[in-house]
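Please walk me through this structure, one part at a time.

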Amino acid sequence: MTIEEAQQAVDKWIKENGVRYFSELTNMACLAEEVGELARVMSRTYGDQSFKEGEKANLGEEMADVLWVLLCLANQTNVNLTEELRKSFDKKTIRDKERHKNNPKLK
Ligand SMILES: [Mg+2]
């Protein structure tokens with residue numbers, strides 16, 4: 001599935017299964033909530049925290065939740081994430097061309 005297809009699939013799902021998109025601000029809060037859930041799994045998997053009884057390491061599920069809400073926000077704000085990701089690659093390639101290679105902390 002391409003990013004464009006993912007944006008279309010989420011839009012189709014919302015139209016078929018939802019009433020409408022949550023407002024942009026509600027979805028922004030939902031995004032923050034999902035990022036927090038992802039952070040919780042990361043902290044317990046790779047950090048110093050441990051899972052409580054009954055919690056599971058659902059890393060992929062939480063990443064997908066973050067992506068889902070981001071796709072919603074892109075759709076409702078008319079952002080083409082494929083184009084924006086291409087621009088981001090270009091920006092990082094120009095700006096960071098030597099930066100990371102010259103970072104002694106990465107060696
Ligand atoms: Mg979640």
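Leaving out neighbours within four places in sequence, Val10 is in contact with Tyr21, Trp68, Leu71, Cys72 and Asn75. Contact means heavy atoms within 4.5 Å. This is a predicted model: local features need pLDDT of at least 70, side-chain atom pairs count only at pLDDT 80 or more, and totals for chains, interfaces and linings use all residues. Residues are numbered from 1 along each chain as its sequence is written, and side-chain values use heavy atoms, with hydrogens and water left out.

Val10 also belongs to the largest nonpolar core. Eight residues make up this core: Ala6, Val10, Ile14, Tyr21, Leu71, Cys72, Ala74 and Leu81. A second, separate core has seven residues, including Leu38, Leu59, Val69 and Leu73. A nonpolar core is a set of buried Ala, Val, Leu, Ile, Met, Phe, Trp, Tyr and Cys residues joined through side-chain atoms within 4.5 Å. Buried means under 20% relative accessible area, exposed over 50%, and partly exposed in between (1.4 Å probe, protein chains only). In soluble globular proteins, nonpolar side chains tend to be buried together.

Glu62 and Asp65 sit in helix α3 (residues 59-76), so their three-residue spacing separates them by about one helical turn. Helices (H or I, at least four residues) and strands (E, at least two) are DSSP runs, numbered from the N terminus. Glu62 is buried, at 7% relative accessibility. Asp65 is partly exposed, at 25%.

Next come the charged pairs. The structure holds eight salt bridges. A salt bridge is a side-chain nitrogen of Lys or Arg within 4 Å of a carboxyl oxygen of Asp or Glu. One joins Lys12 and Glu16 (3.3 Å, N to O). These two are four residues apart in helix α1, so about one helical turn separates them. Glu16 is exposed, with a relative accessible area of 55%. Glu84 pairs with Lys87, their closest N and O atoms being 3.0 Å apart. Being three residues apart in helix α4, Glu84 and Lys87 are also separated by about one helical turn. Glu84 is partly exposed at 34%, and Lys87 is partly exposed at 47%. Glu61 forms a salt bridge with Lys56, at 3.5 Å between the closest N and O atoms. Arg40, Arg44 and Glu55 are linked in a network of salt bridges.

Ile3 lies in helix α1 (residues 3-17). Is Ile3 buried or partly exposed? Ile3 is partly exposed, with a relative accessible area of 33%. Thr82, in helix α4 (residues 81-95), is buried at 18%. Thr82 touches Ile3, Glu4 and Gln7, not counting residues up to four places away in sequence. Ile3, Leu85 and Phe89 form a nonpolar patch on the surface, with about 280 Å² of accessible area together. Patches are made of residues with over 30% relative accessible area and no salt bridge: like charges are joined within 9 Å, nonpolar side chains (Val, Leu, Ile, Met, Phe, Trp, Tyr) within 5 Å. Accessible areas come from the Shrake-Rupley method with a 1.4 Å probe; for residues, only the protein chains shown count as cover.
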